[in-house]
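Hi,

Here is the structure I promised to hand over. Have a look at it first, and then read my notes below.

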Amino acid sequence: MRSNAAPRSNDHRMSEPVQPAQQNAAINAATQAFAHGRFDLADRICRELHEVGWDHWQSWLIVAQVAVKVSRRDVAEDAVTRSAALPGADAKRLDAVRALIASITPGPDTASSASSSPSDRVLVIRAWSQGFWSDVDHVLGQLLLAEITGRTPLVHWGANSRFGGPQLARGKHPGESDPAHNLWNHFFQPVSSLTLADVLRDAKGRKFFPSKWNDANLTVIDNGAMTGPQSRLAAVSFLNRPEPIAVSDFHTPAMALKHWLPREHRLFGQPLDVIFLDLIGKYLIPSDTIAARLNELAAGVHTPTIAVHVRGSDKHVELPQLDQASAIYHQHIAALMQKFPGARVRLFTDWQPAVAEYKAKYTDRLDVADATRTSSRTGLHYQPALIGTKLGEEVLLDTLLAARCDAFVGLGYSNVSAFMKYFGRLGPKKWTDETALLLGPHLHYVYNPGLLMPR
């Protein structure tokens with residue numbers, strides 16, 4: 001089983017030749033994860049198997065057992081049905097799980113609609129301290145989780161966000177941030193009327209999930225997101241929890257959550273790109289400050305224009321073949337130039353060498369977005385000398401500005417490129433797959449179970 005699985009470029013099941021040894025190893029890993037209470041990991045491994053067409057009656061039975069643990073009868077029944085239909089299914093084990101399913105009673109997620117106040121059931125969504133659009137991707141997954149569980153979401157980016165700056169007001173103690181200062185609201189409109197101050201005011205004596213959180217530590221920079229007890233908890237663990245306040249500090253991709261959408265949810269059964277477009281249109285509304293700046297910048301965009309996003313720096317570490325992939329860009333730019341005669345190229349990049357390359361090739365037909373860049377293999381958001389707020393503004397404005405161009409070429413294994421395409425599909429030019437190209441496999445079609453494994 002690939003812990004950093006090769007991403008797939010679409011939302012359809014693949015059909016790869018089954019490798020029995022790998023399949024058995026993956027099922028054993030999922031079984032062990034389930035036995036140790038790591039339900040997110042067990043589910044994620046099995047979903048990865050099913051995505052590549054390696055369905056096995058045991059993997060579907062594990063999914064059913066996970067669903068029982070979180071009181072999701074609908075998911076459990078579907079998984080047992082799938083398991084029973086596959087060769088070698090163990091009738092006794094199936095019957096044992098069916099008996100467990102029959103004993104499921106509705107959990108708090110089902111009853112949440114009866115809540116009388118937005119603060120009755122809350123999901124506090126913290127930054128998970130990665131790149132800007134990776135953190136936003138984390139937020140979108142958690143917003144979907146909030147909808148599934150009937151919780152009121154609060155996105156709060158405090159001192160743990162990489163996109164603050166010297167203006168970030170500190171709390172009373174080192175390593176804390178002021179609960180009144182929320183960086184999310186600098187970039188986007190709030191997703192609900194709740195503030196962290198509201199949650200803290202009502203939190204005294206209330207239970208939290210995970211239990212490592214309480215009313216005294218909600219503003220700390222880190223509380224064991226990556227290591228230690230209750231670290232690397234993804235969304236499945238949050239299903240049907242009775243605690244009124246839940247706190248998320250770790251990423252769950254929408255790819256892994258779509259299987260847990262209830263039938264009555266508006267996105268049930270929808271392709272992944274539809275899920276992303278819906279969530280982006282609903283929640284990612286630029287702040288007034290960002291919207292005003294965008295309008296100023298958009299006035300300088302020529303038409304027709306082909307937006308191009310080129311990644312460098314730390315992306316070379318994730319993709320050793322990045323330079324070869326980048327060379328293919330020019331073929332697609334040439335094809336789009338034939339489709340849009342007289343088009344200019346507008347380059348968006350964090351990679352200084354790309355600027356020199358594109359200036360040499362496109363000369364006076366090139367526009368280059370003004371932004372911070374590097375020639376090193378360290379991502380900009382990991383460079384402590386840079387101001388995070390400025391970096392966040394730049395990448396957000398680059399994304400929104402690119403979406404106003406006529407066509408686009410980007411890298412599938414980049415959150416920035418992926419969000420440029422989403423916004424372009426929602427934008428005034430309504431990009432299609434013919435006018436907006438993501439080269440290589442798509443990052444958002446990755447389950448990445450290895451991310452849930454303790455380091």
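Let me start with the second largest pocket: α2 (39–51) and α4 (73–84) each supply at least two residues of its lining. Helices here are DSSP runs of H or I with at least four residues, strands are E runs of at least two, and both are numbered from the N terminus. With four residues, α4 gives the most to this lining. The pocket's volume is about 620 Å³, taken as the space filled by probe spheres set on grid points joined across faces, edges and corners. Of its 21 lining residues, Arg 47, Asp 78, Arg 82, Lys 258 and His 259 are the closest to the centre. A pocket is an open set of points on a 1 Å grid over the protein atoms alone, where a 1.4 Å probe fits, with protein on both sides within 12 Å along at least five of seven lines; lining residues have an atom within 4 Å of a point.

A word on provenance: this is a predicted model, where local features need pLDDT of at least 70, side-chain atom pairs count only at 80 or more, and totals for chains, interfaces and linings use all residues. Residues are numbered from 1 along each chain as its sequence is written, and side-chain values use heavy atoms, without hydrogens and water.

Now the sheet. Four strands form an open, parallel sheet in the order β2-β1-β4-β3, where pairing takes at least two DSSP bridges. β2 (152–156) and β3 (208–209) each have a single partner strand, so one side of each lacks a neighbour in the sheet.

Best wishes
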